[in-house]
Amino acid sequence: PFNAKAMSLFPEKINGRYAAVLTVNTDIPPSKIAVAYFDREEQMWSPAYWRDWYGALNQNTIHLQRSPKDHVEAGAPPIKTKDGWLFIYSYIHNYLSPPAVFGIEGVLLDLNDPRKIIARTEKPLMVPQETYEKYGQVPNIVFPTGALVKAGILSIYYGAADNTCAVATCKLNTLLENMLETRIKHVKLERFPGNPVLKPNPNLSWQARAVFNPAVLYEDGRVHLAY
């Protein structure tokens, strides 16, 4: 009951439930890649289930866009690894402000909650380079559709320029190591116990009612607060 595309099932249940990943608002950007859980197979084709799920879209989303001008689309079904679910997907840089660059990227998702990102590629694994990727029915496109691991080799199957089916390979462990080196670091923030650091001053007419919109510059051991 909403605009969506390219749903893939996870290859096994997660916490006892079926799980899928899909693109939402594919043709009505900004798109989102999100996770859906099903207690029963019948829910997969239930309009009522999907209306409820779409109402909570933000809490189901894997937040992948680096810029609001970019576009994402689900690609290959996730692959289970010891470090997490490896999900190969389409990342389109500058989709809303051409020239767009169609790339293929990877993200490592938490095994128990694939909405959580453990690590991801910092730049595309692939962009159109070969002649058959640059020229075709729709030029300058590489788009992932499948992936499998055999004997430690990751094979990514992809469409090229909407004209050719192709496959690219790499060592799975090498990719995972590179991704984990740049994993997202969780930082714990603490509220300053001495807040507020600045408040209205009734003795100044221009500052008597409120202070807001702060910006801070640190230079030569001093903090400069503009507000």
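Begin by selecting the four strands of the open sheet, which are ordered E1-E2-E3-E4 and paired in antiparallel fashion. Two strands pair here if DSSP finds at least two bridges between them, and helices (H or I, at least four residues) and strands (E, at least two) are DSSP runs numbered from the N terminus. At the edges of the sheet are strand E1 (4–9) and strand E4 (61–62), each of which pairs on one side only.

The model is predicted: local features need pLDDT of at least 70, side-chain atom pairs count only at pLDDT 80 or more, and totals for chains, interfaces and linings use all residues. Residues are numbered from 1 along each chain as its sequence is written, and side-chain values use heavy atoms, with hydrogens and water left out.

**Within the sheet**

Next, select strand E2 (residues 18–24) and strand E3 (residues 32–38), which run antiparallel and are joined by seven bridges. Val21 has Val35 as its bridge partner in E3. In the loop between E2 and E3, display Pro30; the peptide bond from Pro29 to Pro30 is cis, with omega near 10°.

Strand E1 contains Ala6. Ala6 is not a glycine, yet its phi is positive, at about 60°. With a relative accessible area of 33%, Ala6 is partly exposed; buried means under 20% relative accessible area, exposed over 50%, and partly exposed in between (1.4 Å probe, protein chains only).

Move on to Asn15, in the loop between E1 and E2. Asn15 likewise has a positive phi, near 55°, in a residue other than glycine, and Asn15 is exposed, with a relative accessible area of 59%. Most residues other than glycine have a negative phi, and most peptide bonds are trans. Then select Lys13 and Tyr18: the charged end of Lys13 sits over the ring of Tyr18, 4.6 Å from its centre. A charge sits over a ring if NZ of Lys or CZ of Arg is within 6 Å of the ring centre and within 35 degrees of the ring normal.

Select helix H1 (residues 47–55), which lies across E1, E2 and E3 and runs at about 130° to E3. Axes are lines fitted to C-alpha atoms, for helices over the stretch in contact, and angles run from 0 to 180 degrees between N-to-C directions; contact means heavy atoms within 4.5 Å.

Now show the rings of Phe2, Phe38, Tyr49, Trp50, Trp53 and Tyr54, which form one aromatic cluster. A search of the whole structure finds ten aromatic pairs. One of them is Phe2 with Tyr54, a stacked pair at 4.5 Å centre to centre and 20° between the planes. Because Phe2 lies in the segment before E1 and Tyr54 in helix H1, the pair ties together parts that are 52 residues apart in sequence. Tyr54 counts as partly exposed, at 31% relative accessibility. The rings of Tyr49 and Trp50 have centres 5.1 Å apart and planes at 80°, so this pair is edge-to-face. Rings of Phe, Tyr and Trp (its six-membered ring) pair if their centres lie within 6.5 Å; planes under 30 degrees apart count as stacked, over 60 as edge-to-face and the rest as tilted. Tyr49 and Trp50 are both buried.

Select Pro99, in the loop between strand E7 (84–93) and strand E8 (101–109). A cis peptide bond joins Pro98 and Pro99, with omega about 10°.

Then display Arg66, whose charged end sits over the ring of Tyr91, 4.8 Å from its centre. Arg66 is also in contact with Thr121, as are Glu105, Gly106, Leu175 and Met179, leaving aside neighbours of Thr121 within four places in sequence. Thr121 is located in the loop between strand E9 (117–120) and helix H3 (131–134) and is buried, with a relative accessible area of 6%.

**Helix H4**

Follow Leu175 and Met179 into helix H4 (residues 172–181), whose buried residues are Leu172, Leu175, Leu176, Met179 and Leu180. These cover an arc of only 125° around the axis, which puts them on the same side of H4; the arc is that of the directions from the helix axis to the C-beta atoms. On the face turned away from this buried side, H4 carries the exposed residues Glu177 and Glu181.

**Last stop: Gln137**

Finish at Gln137, in the loop between H3 and strand E10 (142–150). Gln137 counts as exposed, at 64% relative accessibility. Not counting residues up to four places away in sequence, Gln137 touches Ala161, Asp162 and Asn163. The C-alpha atoms of Gln137 and Asn163 are separated by 5.9 Å, although these residues are 26 residues apart along the chain.
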